[in-house]
Amino acid sequence: MSNKKKIAIILEDVPMNAEVLKDTLISTNLFDEIIIFSKIESAADYLNNGNQLPDVLFLDLYFKNDSNDFEHAFTDFMDEFEDQLGSTKICVVTASEHLRDFEKVSVYQNIIGIIEKPITVIKVAEILKKI
């Protein structure tokens, strides 16, 4: 029997969106721990410090990094951490409806889907079927 905790990480710079997603995940009873990061640098510190990798990472497509670079923060994060994330499943969360954004995420192997905001229990449940 494994003692490994089931962990979900939310990387979202809008606190209300992060809380809605967290509350939705709590309602599923699938995770022992749900961690929210509002800055890419905080998530990077977590991943670089030997912490247990999350089972699922919910990653906002457009979030601010320290340089306030919305456009490249997602790809910069994925390019840096994709290999390190191993078997972590990644779900992209976005309000975008632009085809180029969907194409941008399709190149990464561990992405299991995209949740379009607003976040709902039904949308999250569909994604969680893939883990």
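Me: Buried means under 20% relative accessible area, exposed means over 50%, and partly exposed is in between (1.4 Å probe, protein chains only). What share of the protein's residues is buried?

Reply: Buried residues make up 44% of the 131 residues. This is a predicted model, where local features need pLDDT of at least 70 and side-chain atom pairs count only at pLDDT 80 or more, while totals for chains, interfaces and linings use all residues. Numbering starts from 1 along each chain as its sequence is written, and side-chain values use heavy atoms, leaving out hydrogens and water.

Me: How many helices and strands are there?

Reply: Five helices and five strands. Both are DSSP runs numbered from the N terminus: helices are H or I with at least four residues, strands are E with at least two. Along the sequence the pattern reads β-α-β-α-β-α-β-α-β-α.

Me: In what order do the strands form the sheet?

Reply: E2-E1-E3-E4-E5, in an open sheet with parallel pairing. Two strands pair if DSSP finds at least two bridges between them. The edge strands, pairing on one side only, are E2 (33-37) and E5 (111-116). On average, neighbouring strands are turned by 20° against each other, direction ignored. For such angles, axes are lines fitted to C-alpha atoms (for helices, over the stretch in contact), and values run from 0 to 180 degrees between N-to-C directions.

Me: What does H1 touch?

Reply: Helix H1 (residues 15-28) packs on the sheet, touching E1 (7-11), E2, E3 (56-60) and E4. Contact means heavy atoms within 4.5 Å. The direction of H1 makes about 170° with that of E2.

Me: Back to E1. Is that strand enclosed or open, and why?

Reply: E1 is largely enclosed by the rest of the structure, because five of its five residues are buried. Both faces are covered: Ile-7, Ile-9 and Leu-11 lie on one side, Ala-8 and Ile-10 on the other.

Me: How many bridges join E1 to E2?

Reply: Five, and the two strands run parallel. Ile-7 has Glu-33 of E2 as its bridge partner. The chain crosses from E1 through H1 to E2, and this β-α-β crossover is right-handed. That term applies if, with the strands pointing away from the viewer, the path from the first strand over the helix to the second runs clockwise.

Me: And how many join E1 to E3?

Reply: Four bridges, again in a parallel run. Ile-9 has Leu-57 of E3 as its bridge partner.

Me: How do E4 and E5 pair?

Reply: In the parallel sense, over five bridges, with E4 covering residues 89-94. Thr-94 stands opposite Glu-116 in E5.

Me: Which residues of H5 are buried?

Reply: Val-124, Ile-127 and Leu-128. They sit on the same side of H5, because they cover an arc of only 95° around the axis. The arc is that of the directions from the helix axis to the C-beta atoms. The buried residues of H5 pack against H1, E3, E4 and E5.

Me: New topic. Which peptide bond is cis?

Reply: The one from Lys-117 to Pro-118, with omega near 10°. Pro-118 is in the loop between E5 and helix H5 (121-128).

Me: What is the phi of Asn-29?

Reply: Positive, about 60°, although Asn-29 is not a glycine. Asn-29 is found in the loop between H1 and E2.

Me: Is Asn-29 buried or exposed?

Reply: Exposed, with a relative accessible area of 69%.
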